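Dear colleague,

Please find below the structure that I am handing over to you. My findings follow it.

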Amino acid sequence: MSGTIWRSVFTYNKYTQIAARALRQSLKENERVAAEKRGLTILRYQHWQNGVGGQQVFLNPPEEQRPPKPAAV
């Protein structure tokens with residue numbers, strides 16, 4: 001595929017996501033799990049007013065900060 005044709009199908013970011021997913025799926029189990037953990041992103045946002053930042057809020061909190069899951073009965 002030439003450079004101009006694939007750009008009409010998907011963006012470069014989408015291309016890199018597809019390539020990364022294919023690479024991770026081709027790894028052995030223990031390397032795949034480690035690669036998937038590195039691929040997780042922690043997103044947070046902060047509301048600013050008058051040049052002062054407010055409290056940071058996690059969109060997807062890290063594992064250490066998540067509340068424990070209730071046990072199944």
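**Confidence and findings**

Within the protein chain of this predicted model, confidence is lowest in helix α1 (residues 3-9), with a mean of 71, and highest in α2, with a mean of 87. Here pLDDT is the predictor's confidence in each residue, from 0 to 100, and helices are DSSP runs of H or I with at least four residues, numbered from the N terminus. The average pLDDT of the protein chain is 77, and 73% of the residues score at least 70.

Residues are numbered from 1 along each chain as its sequence is written, and side-chain values use heavy atoms, leaving out hydrogens and water. As the model is predicted, local features need pLDDT of at least 70 and side-chain atom pairs count only at pLDDT 80 or more, whereas totals for chains, interfaces and linings use all residues.

Because they are three residues apart in helix α2 (residues 12-26), Tyr-12 and Tyr-15 are separated by about one helical turn.

Arg-32 lies in helix α3 (residues 29-39). Leaving aside neighbours within four places in sequence, Arg-32 is in contact (heavy atoms within 4.5 Å) with Arg-24, Gln-25 and Leu-27.

Yours sincerely

Technical notes
Helices (H or I, at least four residues) and strands (E, at least two) are DSSP runs, numbered from the N terminus.
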